[in-house]
Structure formats: C-alpha cells, structure tokens
Amino acid sequence: MINLFLAMNENQNIHDREAGWREELRQALGARERTAIPRATMNMLPGDYRVGCNEEVNQGLSSEQAILEATRCLDCPDPQCVSGCPVNIDIPAFIKNIQRGRNDAASLVLRATSALPSVCGRVCPQEKQCESRCIYNRMKKPPVAIGWLERYAADSAREADSPCPMPEKRLGIKVAVVGSGPAGLSFAGDMIMRGYDVTVYEALHEIGGVLKYGIPEFRLPNSVVEAELDTLRKQGVRFLCDVVVGKTLSYDDLVAEGYQGIFVASGAGLPRFMGIPGENLIGVMSSNEYLTRVNLMGAGRPDFDTPVSEGRRVAVIGGGNTAMDSVRTARRLGADEAMIIYRRSEAEMPARLEEVAHAKEEGVKFITLCNPVEYLGDEHGRVRAMRVQRMELGEADASGRRSPQPIPGAIDEIEVDEVIVAVGVSPNPLIPRSFPDLKVSSRGTIEVNDRLQSSIPTLFAGGDIVRGGATVILAMGDGRHAAAEMDKLLKEE
C-alpha cells in the first residue's frame with residue numbers, strides 16, 4: 001500500500017494513479033453500490049437565525065458525511081474533474097485519502113497545487129468547474145461534492161495542526177508580488193515552493209485582497225483566510241501592508257531593490273455605475289465601498305467606529321455573487337426589506353445557485369426583468385425611491401444569455417432608502433498608469449501574452465487586472481500559470 005505521506009516522500013509521485021491502494025478501494029465496494037449512495041447534504045444555520053449574526057452559513061460536513069461522500073467517487077481512469085479545475089488539483093487522490101480517513105494526506109495533495117484550499121472549498125463555483133465534469137452528470141445523478149470535500153480536508157488538517165509542505169531549496173532570487181488577492185497568493189505559494197524569495201506588497205492595511213474586503217464572513221470567515229496566510233508565512237512568504245505600488249513604491253524602486261521578476265495582481269477595485277440620474281444622492285453607493293466598510297473596516301459592529309448606511313428598504317442592483325453578498329449583508333445590518341433588482345430573469349443570474357437559495361431563505365425579495373433608470377431624492381438630498389424600466393428577454397447575446405429589452409412605457413416606482421450598485425468593477429488603474437512601457441488595453445487591463453507576460457519582459461500579470469473580473473479560482477489559476485512561466489524565464493536567464 002502506498003505510503004500515506006506521499007507528498008513528504010520525494011521518491012514517490014503524488015499523482016501516481018497506478019498505486020495499489022486505489023485498486024484495493026475499487027474492490028472494496030462496487031460501482032453500483034457507490035452510485036446508489038445519495039449526495040451529502042451541507043449542514044447549515046437556519047435562515048431566521050443567521051440574519052441576526054455574522055456566523056458562517058455553511059457549517060461543513062461531518063467526518064461520517066465526508067467519508068461516505070468520498071466513497072461515491074468512482075476514481076475514473078481519465079478524471080475530467082481535474083481538467084475542470086483551473087489549478088489542476090488531483091481530485092481523485094485527495095478524495096480517496098478522505099475515504100481512507102487520512103485527512104492529512106488529502107490536505108497535502110490539495111496543497112501540491114492550491115495555496116488556498118480552505119478558501120476554494122467555500123467560494124469557488126465548483127458546480128461550473130470540477131463538478132460539472134463529474135461522470136455522475138452523465139448518469140443524471142448529482143456529482144460528487146468536490147468543493148465540500150476540499151473544504152473538509154483542508155479544515156480537518158488545519159484543526160489537527162498537520163504539517164504543511166515546505167520548500168526544499170533557496171535560489172537566492174527575489175520576486176515581488178503586487179496585490180495579496182487570490183492571484184497574488186497563488187503565485188506567491190508556487191514561487192516560494194520553487195525556492196524563490198517572495199515579497200507580497202498590499203496597499204491596504206490587511207493582507208487578503210478581495211478575500212478580506214469583498215467576501216462577507218458569513219460566507220468566508222476571516223479566520224480561515226488568516227490560517228491560509230499563516231501557512232504561506234511559515235513557508236517563507238513575506239507580506240508588507242500599506243504599500244501602494246505605483247505611488248509609494250515605483251517600478252524603478254522594485255528593480256533597484258533587486259527583484260528579478262514582478263507579478264502584478266492588483267485586481268479590479270474600481271467600481272462601476274450605470275450613469276443614470278440620481279447616482280450622486282446620499283444613500284446610493286457601490287457594492288465595493290459597502291462591502292469594504294463592513295467586511296474589512298468593521299462597520300456595523302459595536303466596537304468599530306466605521307460609518308455605514310443602514311437602510312430599512314434596501315435595493316441591490318445586479319445578479320452576481322457580489323450582489324448576493326451585498327443584499328445578504330444588508331439583511332444582517334437590519335434591513336426590513338432587502339431586494340435584488342435584476343434586468344434579466346432569475347434563470348440568467350450569474351450568481352451561484354447556492355447563494356441565490358441562501359438569499360431567499362434569509363428573506364430577500366427578487367425583482368427581476370427590471371432595470372433602474374433614475375433615483376429620486378428627498379429635500380435633504382437622500383434617495384427615497386427609484387424608477388425602474390420593466391424588461392423582456394430578446395435574443396441571446398455574446399454571453400449566451402438572452403438580452404433584456406425595455407417594454408415601452410412600462411415604468412414603475414419603488415420606494416427605497418438605500419441603493420447598492422453591484423453591476424461590476426473595472427481594473428485598478430494605478431499600476432497601468434504608473435509603470436513605464438506597460439501596454440494596456442482599452443478596458444484598462446494589462447495586456448499579456450499566453451505566458452501572462454506583459455510588454456515588460458520580467459513583469460507578469462494575472463487575475464482581474466488582466467481578465468477585468470473573474471472568480472477566485474480563475475485568478476488562482478493565473479497565479480500558478482504565471483509562476484510556472486516566470487520560473488522558466490528566470491532560469492533561462
């Protein structure tokens with residue numbers, strides 16, 4: 001039987017799919033018995049309780065649930081789930097270790113390719129990625145709960161204080177990372193394990209980027225993010241806060257300090273508005289500002305002085321995960337009525353189905369096929385209502401979703417005292433404007449080749465500063481890709 005501590009033994013390959021223990025597991029229970037096992041159900045807090053607190057909604061799987069769910073995995077000879085994962089986790093390997101009760105080994109498999117397994121197990125859209133490729137879908141059965149199992153393995157190993165993989169060498173080559181969001185952290189994790197000296201620069205006062213300021217604690221607790229950061233610190237990554245690269249530290253400064261490679265992962269922190277009348281009224285704000293005040297700066301908590309608007313009738317404009325985060329946060333801040341205003345139907349919403357379901361359980365009202373055209377203010381300049389244009393769906397657009405078309409003359413007025421606009425974000429403009437000779441697209445994103453290399457040969461970029469807006473796991477995939485390509489470049493030089 002294969003050594004349980006595969007990842008610690010340099011003579012064994014963590015991805016060896018011919019290992020004897022896999023065959024033993026196949027023989028232990030036949031495929032028919034495995035496929036008859038129902039998919040696990042996530043344990044969660046009840047909706048009426050959680051709107052009054054900031055506790056994590058999903059409580060995780062028990063060990064019994066996790067082992068049974070892991071048993072469902074058929075260990076396919078050509079596992080498509082792996083190709084569906086942007087960071088190429090060896091999914092069958094970590095799942096089978098869970099089945100055997102070896103959560104420490106499962107965690108090591110995860111960390112071989114992912115710097116943030118506890119985070120990804122919570123916020124990644126597995127249903128659109130790895131789980132969408134699961135063979136169970138062909139059988140018209142629910143796929144293996146890969147994301148929940150990833151969370152279980154990572155959390156279990158952390159609670160048991162299991163050892164994390166450590167770099168075996170030091171190359172004496174310095175690389176810098178601009179931004180401590182998922183792309184930057186993934187890059188840092190890969191490069192530190194390759195032997196580089198890695199320093200991550202963060203403009204804010206806390207490390208974590210969008211994981212801290214953009215995702216509420218009821219979905220991703222800060223303690224979980226901190227635990228992942230502590231692992232990177234143990235491995236040797238250095239973090240520096242309150243450093244605005246492009247202002248307090250220039251490109252020339254980084255070169256002068258001896259950095260031979262730079263990875264820009266400064267994200268997309270510039271909020272978008274719709275350009276309609278009334279957006280300057282008091283009580284109308286971007287989701288970026290709203291969530292940053294609450295998640296990162298403690299607004300709404302008794303021991304923090306950060307102000308935030310706490311409306312009683314709150315409208316959130318948009319249908320993505322950020323919109324769901326915002327409207328659910330409004331409920332926790334005491335909104336009597338919190339509503340989603342979305343220009344398409346619910347079927348076209350880009351938000352995760354789980355997040356939509358959670359919002360409904362928490363009393364959120366969904367007003368679809370409506371689009372704001374004007375915000376109305378009172379005599380004090382505060383928003384009091386919004387005018388919305390009713391819509392109908394036409395032909396599909398480039399995204400594959402049917403385009404909303406206005407119904408002539410169909411205008412309604414809805415009373416509100418707070419509006420949160422969550423219709424997207426644009427790339428952070430600071431780096432593109434500050435770095436010399438850096439080519440930038442018309443959208444403000446950094447232009448890169450298929451190696452994620454910019455017009456400055458030693459500067460690579462990934463995540464939202466390149467994509468313009470994406471998921472945590474896609475940003476992490478960019479971080480891994482850029483690390484591999486920068487490693488090749490620096491070794492060639």
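Modeller: Helices (H or I, at least four residues) and strands (E, at least two) are DSSP runs, numbered from the N terminus. R313, for example, is found in strand β9, residues 313-317.

Biologist: What kind of model is this, and how are its residues numbered?

Modeller: This is a predicted model, in which local features need pLDDT of at least 70, side-chain atom pairs count only at pLDDT 80 or more, and totals for chains, interfaces and linings use all residues. Residues are numbered from 1 along each chain as its sequence is written, and side-chain values use heavy atoms, with hydrogens and water left out.

Biologist: How many helices and strands does the protein have?

Modeller: The protein has 19 helices and 17 strands.

Biologist: How do you know whether the radius of gyration agrees with a compact globule?

Modeller: Use the rule: 2.2 Å times the number of residues to the power 0.38, with the radius taken over C-alpha atoms. For 493 residues, a compact globule would come near 23 Å. The protein has 24 Å, so the value agrees. The C-alpha atoms fill a box of roughly 75 × 60 × 50 Å along the principal axes.

Biologist: Why is R313 called partly exposed?

Modeller: Buried means under 20% relative accessible area, exposed over 50%, and partly exposed in between (1.4 Å probe, protein chains only). R313 has 28%, so it counts as partly exposed.

Biologist: Which residues does R313 touch?

Modeller: A contact means heavy atoms within 4.5 Å. Leaving out residues up to four places away in sequence, R313 touches E337, M339, I414, E415, V416, D417 and E418. Take E415: it is 102 residues from R313 in sequence, but their C-alpha atoms are 7.4 Å apart.

Biologist: What share of contacts joins residues at least 24 apart?

Modeller: The share is 70%, counted among contacts between residues at least 6 apart in sequence.

Biologist: Why does M476 count as buried?

Modeller: M476 has a relative accessible area of 0%, so it is buried. M476 lies in helix α19. Its contacts, beyond four places in sequence, are V87, S114, A115, L116, C120, P182, A183 and S186. R343 is 133 residues from M476 in sequence and 30 Å away in space, C-alpha to C-alpha.

Biologist: And why is I192 called buried?

Modeller: The value for I192 is also 0%, so the answer is buried. I192 sits in helix α10, residues 182-193. Among its contacts are P167, R170 and V198. K169 is 23 residues from I192 in sequence, with 9.3 Å between the C-alpha atoms.

Biologist: What makes helix α14 largely enclosed?

Modeller: Helix α14 covers residues 287-296, and eight of its ten residues are buried, so the rest of the structure largely encloses it. The buried ones include Y290, L291 and V294. After α14 comes G298, with a positive phi near 75°.

Biologist: How much of the whole protein is buried?

Modeller: Of the 493 residues, 56% count as buried.

Biologist: What makes a group of residues a nonpolar core?

Modeller: The members must be buried Ala, Val, Leu, Ile, Met, Phe, Trp, Tyr and Cys residues, joined through side-chain atoms within 4.5 Å. The largest core here has 70 residues, and I91, F94 and V198 touch the most other members. Helix α19, residues 472-492, gives the largest share, nine residues. Apart from this core lies another of 25 residues, including V294 and I340.

Biologist: Which residues does F94 touch?

Modeller: Beyond four places in sequence, F94 touches I89, A106, V109, L110, I146, L149, E150 and A153.

Biologist: What makes the phi of N88 worth a note?

Modeller: Most residues other than glycine have a negative phi. N88 is not a glycine, yet its phi is positive, about 55°. N88 lies in the loop between α5 (80-83) and α6 (91-99). With 41% relative accessibility, N88 falls in the middle class, so it counts as partly exposed.

Biologist: Why is K140 called exposed?

Modeller: K140 has 77% relative accessibility, so it counts as exposed. K140 is not a glycine either, and its phi is positive, about 60°. Its place is the loop between α8 (117-123) and α9 (146-159).
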